[in-house]
Amino acid sequence: MQAVNQNNAATDDSAELKLPSDDQATQHKFDGKTVGHPLSDNPKMSMRNVNVFYGEKQAIFNVDLDIAQNQVIAMIGPSGCGKSTFLRCLNRMNDTIESCSVTGEFILDKQDIYHPKQDIVPLRARVGMVFQKPNPFPKSIYENVAYGPKIHGLASRRAELDEIVEVSLRKAGLWEEVKDRLHSPGTGLSGGQQQRLCIARSIAVSPEVILMDEPCSALDPIATAKIEELIAELKENFTIAIVTHSMQQAARVSDRTAYFHLGKLVEVNDTKRVFTNPEHDLTEAYITGRFG
Amino acid sequence: MDKMQLDKHIYQQYDSELEALQTKLLAMGGIVEQQIKDAVNSIENADSDLAEKVIRIEDDVDLREVALDHDCTTVLACRQPTASDLRLVLAVAKMTRDLERMGDEAQKIAKMAISLNQSGAAPGGYEEVRHMGTLVQNMVHNALDAFARFDAIRAVEVARADKQVDREYKSAMRELMTYMMEDPRSISRAMNILWTLRSLERIGDHTRNIAEHIIFLVKGMDVRHKSVSDIESKVKGD
């Protein structure tokens, strides 16, 4: 449901916001072939020939992309470019949208995640997601984190569950702040703490990949810095894909950067390269703030 | 080339800040260019007044260096430039330093002119000063022009010209040594010319640095400590 709204919102925006409309896009030609290095030698997830439609409208065009193991990949691009849509395909969040159809190959560790027999509940445990707005359950801090492990049967005894909760909160950098009030409501935390609680909740089920859709856009700079610091620590154990509107955030946290433009994947390169000497003119125009 | 443009940011103020960096650097470059020309003339024509002027102008060049550095710092802090914008700010900051050093060398030449006027003319080497002076002035002019046009090919030519300046310097040094051996009384005056040639050679080196910063700015590749032919093939191969 949310993605439908998001899509509509993006379309509405184009009336007021200066989007990279046709007249600007014609200045910089894009022949449809992604430049840079979209593929990886050590992929955790491999996507090939991905096309996504919302009804008649095509949102993603022929995207090939690998997400490398234990790396952070940032997806950037102007509003409506398809970066969130693409991210949401990676754990089949788009399945909930009736008008949305996804084609192409999505491989997670040699396994086709769109296979008809693929159960999406374990898939979403393997590929977790953190959303733009912190969305803790209306339960205690403890229950927020324990919920996933319980339904996936990851703990047989209370002590095991306690340990999962503590380890997850520690990894999310929240333990010290909440250890004395684990049973107070998660919604009573500050925005930044709530977002770290959501990260703790997603890592509690031991995912392999974490998808983050603008995880810091509702947070202040200090909470943002803590999340970014956390991302750097998390990549030792997880593979992370992050969609962000903040180019500086992409520059700070990611190893590789993918630039989307009007549903097409324009460039994928090492982040250092992208922010000092991007290969494609469109990437250059976007990251230097010449349209957006 | 097509990537290099200073305008068309969503923030128009940002456009004008970057354009101001370019304009101010070119203005500083123009002053240093004139300073070098005047310094060489003051040696050739034994013109102490002109030499004094070159020395006075150095203060202005120093002030411009500080102001440009300040502007670069402000853009970095407030705009967090990326890609070609980032390279522009970095290149301007580095070129400013080279230009200031070139101004220092011009000032040294002017001091040699005053000293020669007091001690009497050197036994020779004036022709070499004129010749190297012309070469170096052309290099400076072309480097500033390459920066104004974001022209990497022209910057490669500047780097190549520095090789010739180095060759001229070596041959002029040999000639001056001959004079000094023939007449040891002329050593101190010949040394004044030698220092002048040395300063011109240094100006050539700084101009080559500027050319390398321009290639970095336009092409995004670091070509420092590379041979001219390597630089050329990299720039043209891009």
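Predicted model: local features only at pLDDT ≥ 70, side-chain atom pairs only at ≥ 80, totals over all residues.
**Entry 1: A:Thr85**

I started with A:Thr85, which counts as buried because it has 26 C-beta neighbours inside 10 Å. My cut-offs for that word: buried takes 20 or more other C-beta atoms within 10 Å of the residue's own, exposed takes 12 or fewer, and partly exposed is in between, with C-beta atoms placed from the backbone. A:Thr85 belongs to helix α3 of chain A, residues 83-89. Helices here are DSSP runs of H or I with at least four residues, strands are runs of E with at least two, and both are numbered from the N terminus.

Residues are numbered from 1 along each chain as its sequence is written, and chains are lettered from A and ligands numbered from 1 in the order in which they are written.

**Entry 2: chain A as a whole**

I counted elements next: chain A has 12 helices and 11 strands. Its radius of gyration is 19 Å, which agrees with the value near 19 Å for a compact globule of 292 residues. That radius is taken over C-alpha atoms, and the globule rule is 2.2 Å times the number of residues to the power 0.38. Along the principal axes, the C-alpha atoms of chain A fill a box of roughly 60 × 45 × 35 Å. Of the 292 residues in chain A, 47% are buried. I then checked contacts, meaning pairs of residues whose C-beta atoms, placed from the backbone, lie within 7 Å. In chain A, 72% of the contacts between residues at least 6 apart in sequence join residues at least 24 apart.

A:Asn49 is not a glycine, but its phi is positive, about 50 degrees. I found A:Asn49 in strand β2 of chain A, residues 43-54. A:Asn49 is exposed, with 11 other C-beta atoms within 10 Å.

A:Ser206 is another non-glycine residue with a positive phi, near 50 degrees. A:Ser206 sits in the loop between α8 (191-203) and β8 (209-213) of chain A. With 17 other C-beta atoms within 10 Å, A:Ser206 is partly exposed.

**Entry 3: chain B as a whole**

Chain B has seven helices and zero strands, and its pattern along the sequence reads α-α-α-α-α-α-α. Its radius of gyration is 19 Å, close to the 18 Å from the globule rule for 238 residues, so chain B is as compact as a globular protein of that length. The box filled by the C-alpha atoms of chain B is roughly 65 × 40 × 20 Å along the principal axes. Buried residues are 45% of the 238 in chain B. Among contacts in chain B between residues at least 6 apart in sequence, 78% join residues at least 24 apart.

**Entry 4: helix pairs in chain B**

First pair: the axes of α1 (residues 12-44) and α3 (residues 83-119) of chain B come within 9 Å and cross at roughly 20 degrees. Axes are lines fitted to C-alpha atoms, for helices over the stretch in contact, and angles run from 0 to 180 degrees between N-to-C directions. α1(B) and α3(B) are therefore roughly parallel; that label goes to angles under 35 degrees, with over 145 roughly antiparallel, 65 to 115 roughly perpendicular and the rest oblique. The crossing of α1(B) and α3(B) is left-handed, meaning the near helix is turned anticlockwise from the far one by less than a right angle, while clockwise would be right-handed. The contact of α1(B) with α3(B) has 21 nonpolar, five polar and one charged residues. In these classes, Ala, Val, Leu, Ile, Met, Phe, Trp, Tyr, Cys and Pro are nonpolar, Asp, Glu, Lys and Arg are charged, and the others, Gly among them, are polar.

α4(B) passes α6(B) in a left-handed crossing. Residues in the contact include B:Met132 and B:Phe147 of α4(B) and B:Leu200 and B:Ile214 of α6(B). By class, the contact of α4(B) with α6(B) divides into 15 nonpolar, four polar and one charged.

**Entry 5: where A meets B**

Last, I looked at the interface: 14 residues of chain A are in contact with 15 residues of chain B. On the side of chain A that touches chain B, the elements giving two or more residues are α10 (247-253), α11 (271-276) and α12 (281-287). The largest share, three residues, comes from α12(A). That side of chain A has five nonpolar, six polar and three charged residues.

Note on methods: Contact = placed C-beta atoms within 7 Å.
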